[in-house]
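Me: I have a structure to go through. Can you take some quick questions on it?

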There are 2 protein chains.
Amino acid sequence: MRIFYVSELGAQGIVKLLRRAAEHVEDHIALTVGEIVADVMAGGDEALCRHTLLHDGCELDPSTIEATAGELASAAAEVSPADTEILAIAARRIEKYHQKQLLALRNEDWHYHEGEGIRLGQLIRPLKRVGLYAPGGRAAYPSSVLMAAIPARVAGVSEVFLVSPLRGGRLNPLVALAARISGINRVFKIGGAQAVAALAYGTETIPPVDKIVGPGNAYVTAAKKRVYGQVAIDMIAGPSEILIIADRNSDPALVAADLLGQAEHDEMACAILVTPDASLAARVKEEIDIQISGLPRHDIARRALEDHGAIVISQNIDEAFELANLYGPEHLEIMLPQPEAWLKKVENAGCVFLGESTPETIGDYMAGSNHILPTGGTARFSSPLGVYDFIKRTSVVCFSPEDLAAFGTAAARFARLEGLDGHARSINLRVERNAASGLSAKPSNKS
Amino acid sequence: MRIFYVSELGAQGIVKLLRRAAEHVEDHIALTVGEIVADVMAGGDEALCRHTLLHDGCELDPSTIEATAGELASAAAEVSPADTEILAIAARRIEKYHQKQLLALRNEDWHYHEGEGIRLGQLIRPLKRVGLYAPGGRAAYPSSVLMAAIPARVAGVSEVFLVSPLRGGRLNPLVALAARISGINRVFKIGGAQAVAALAYGTETIPPVDKIVGPGNAYVTAAKKRVYGQVAIDMIAGPSEILIIADRNSDPALVAADLLGQAEHDEMACAILVTPDASLAARVKEEIDIQISGLPRHDIARRALEDHGAIVISQNIDEAFELANLYGPEHLEIMLPQPEAWLKKVENAGCVFLGESTPETIGDYMAGSNHILPTGGTARFSSPLGVYDFIKRTSVVCFSPEDLAAFGTAAARFARLEGLDGHARSINLRVERNAASGLSAKPSNKS
């Protein structure tokens, strides 16, 4: 765990040192993915099954690509009733939060009039068909299925598909359960770049979707980037991150536990403490050494902390927030007394956790807010996954003959300034005809 | 102009025939762009100036990359007072529309409480710094500068930059004027992939931005796709498109004029009429032949209509809308009596123009709605450029000790189901400490 002093390096300097593991997709991955995508585009189901055998070691044929209701039910039935209830509670809380989010968004068509003739506004519509990606193997996160599917359903998406690769020929029971609880319409037993290609372009079995959501490995990420434009994607997800702001009032054992919780994700995870209190920093370091050996994933956590962990000593709390905003963490824990008072300082973060009784883990599972969050500093420009990711807008314009007469001359001149005479004519022809038939009574030029 | 019958081919079949010019970036463009981006990332201003000389034929040095206020003012002064006023009117109307859009969005922080202890919600913040791309040569569209800059400013973006390449060593006067009118903060005299790279990664002279917006040529598009993830981008823009729905009441001269207005954009532009009236179809075809010879850009329009134009005869109006929704046009003109009554049929379109007095051109310049619209069928999942493109959200979670006790056990169990013991411990440690200090009075498990 490295220790940096803002007084020595400056906030900008430290954020440069904290640079995340580069998320540039390796060229050879991009090349392989390009070939897989082209193959599935051209070959449909046959190519999809071929690549599934090649990369996942699973034999499928077009008739077995889709999981039947029976398969899903029997996989889900392997989860105990108590655990099933935990997923159901989480799903209800996620649904409640995203219903509130939809209300806050004022998700309805809007328009305004100018005088009698002009009407301007927008229609708001849900996407029609969305595909979710869920890893099927060791890194299977059923919570992410809930987090992606439920906002889509709340937004009104009518067809939500899940793709998830088999592991040892079997569906992950927790993933199957999450699919059932969150109301997913169809499940396909495929993964990797070939699954992303199938969702983007469609095959004989799989209808093409409008958006692909959910994290996967480097191949899945490269494939999402490749098909971006053909379909929408949620984000280019990087390693998970936490930045904790704490002071001398904070409990070092809790700070250490939260840094370790982040570090156990994978070896590229980033766990950072920023504090003006050098003595807290020292005690957190000790606590990490005590707690880490008890973790089943201690090797991963140790490597992550060595490579991407840091304790930063700031001169005061304001400077800690300055650094946090420059870094733009996925998760920001404010472990200070009266944490709400500091909220106004937050500019860039995926999700903020207020106070010592709000560990990041509660947000991962039970708060109801979304845990699919911008990483890698992209909180500068992107948002947690939400209902707004599953709606789109269409503008509406309506002019009367009088209003066209009033604004048409200026519009036609503007078109000519850009060299578009045909544009100008489509207006002028109307204005002339309307004038001839007495349809444009008002003075014909407001410009 | 090809003529298709829905009764023969079906709506799906025709939409396949209407496939747009493939927008796949050529591999050699992607390779060149990859090298330029890497070069500018590593070399900063020096590399930026080198590529500007190489590709734009303009000599710049780090001190002249940015346009001075004097340069901008003198370029803008070349535009006549009457034309200056036209741009100012357009800017005011765009501002008004996007102010209304911001209101409709209910652009404010929101939260809700559960009992005493739980608070959940989101902060909403503008992006801090945005870069706009404007072509500088023949295809210079000052209207697009207004369309991109004004929503950013209305959303609250504090720094809006413009990049636009010089042509013959000079700034385009209309682009300079649009930059001044729309309140752009800084203008850089660069273009191409090197400008996109400079905006994404920053150089000594140019601070890195959070989002890059605005259309450019194939190199600019490839570069935007390349830096996507490092920064946000607006969209992958393709050729412009119009789909007109008309019937026997429609004026064939106006339909023809609007198809030609679209076709003059470039040789890949798509102009499509869908009508149940075969006699209107024939008369529109005649009118196109009459009008096209009078267009300065008739060669471009002719080629576009031959390659991408079509008249589709549907069996009725419902079928025309079915086809329009499958196609998802950038511009949709409803040239029918009582056009508002058909609005409920619209699912996928960038902007809808209602009735014969609302030609697409009025939306390009004077309506106030945005003309940067989804193309290539991406209206299935994306929206016109708007204030929502320039804001982002941060989630906020706050739990009391009692609430953590109530939901913590379930959250910790969920974490263990996903193999994340460290996550579980960060909760359990708190629950134990709170219980020991009497902080969690309520029953400790609601699951």
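Me: Is C49(B) buried or exposed?

Reply: C49(B) counts as buried, because its relative accessibility is 9%. Buried means under 20% relative accessible area, exposed over 50%, and partly exposed in between, with a 1.4 Å probe and protein chains only. Before you go on: this is a predicted model, where local features need pLDDT of at least 70 and side-chain atom pairs count only at pLDDT 80 or more, while totals for chains, interfaces and linings use all residues. Residues are numbered from 1 along each chain as its sequence is written, chains are lettered from A and ligands numbered from 1 in the order in which they are written, and side-chain values use heavy atoms, with hydrogens and water left out.

Me: How many disulfides over all chains?

Reply: The count is 0, taking a disulfide as a pair of cysteine sulfur atoms within 2.5 Å. For C49(B), the nearest cysteine sulfur belongs to C58(B), 11 Å away.

Me: Switching to the core. Which residues have the most contacts inside the largest one?

Reply: M366(A) and M366(B), in a nonpolar core of 158 residues. Such a core is a set of buried Ala, Val, Leu, Ile, Met, Phe, Trp, Tyr and Cys residues joined through side-chain atoms within 4.5 Å.

Me: What is M366(A) in contact with?

Reply: Leaving aside neighbours within four places in sequence, M366(A) is in contact with residues of chain A including I86(A) and R93(A), and of chain B including F399(B) and F414(B). Contact means heavy atoms within 4.5 Å.

Me: How much area is buried between chain B and chain A?

Reply: About 11100 Å², with 58% from carbon and sulfur atoms. That is the accessible area (1.4 Å probe) the two parts lose on being put together, summed over both. Y228(B), F414(B) and R430(B) supply 7% of what chain B buries against chain A, more than any other three residues. The contact takes 127 residues from each of chain B and chain A.

Me: Last topic, the sheet. What is the strand order in chain A?

Reply: The order is 6-5-4-7-8, in an open sheet of 5 strands with parallel pairing. Strands here are DSSP runs (E, at least two residues), numbered from the N terminus, and two of them pair if DSSP finds at least two bridges between them.

Me: Which strands stand at the edges?

Reply: Strand 6 (186-188) and strand 8 (232-233) of chain A, each with a single partner strand, so one side of each is left without a neighbour in the sheet.

Conventions:
Helix = DSSP H or I, 4+ residues; strand = E, 2+ residues; numbered from the N terminus.
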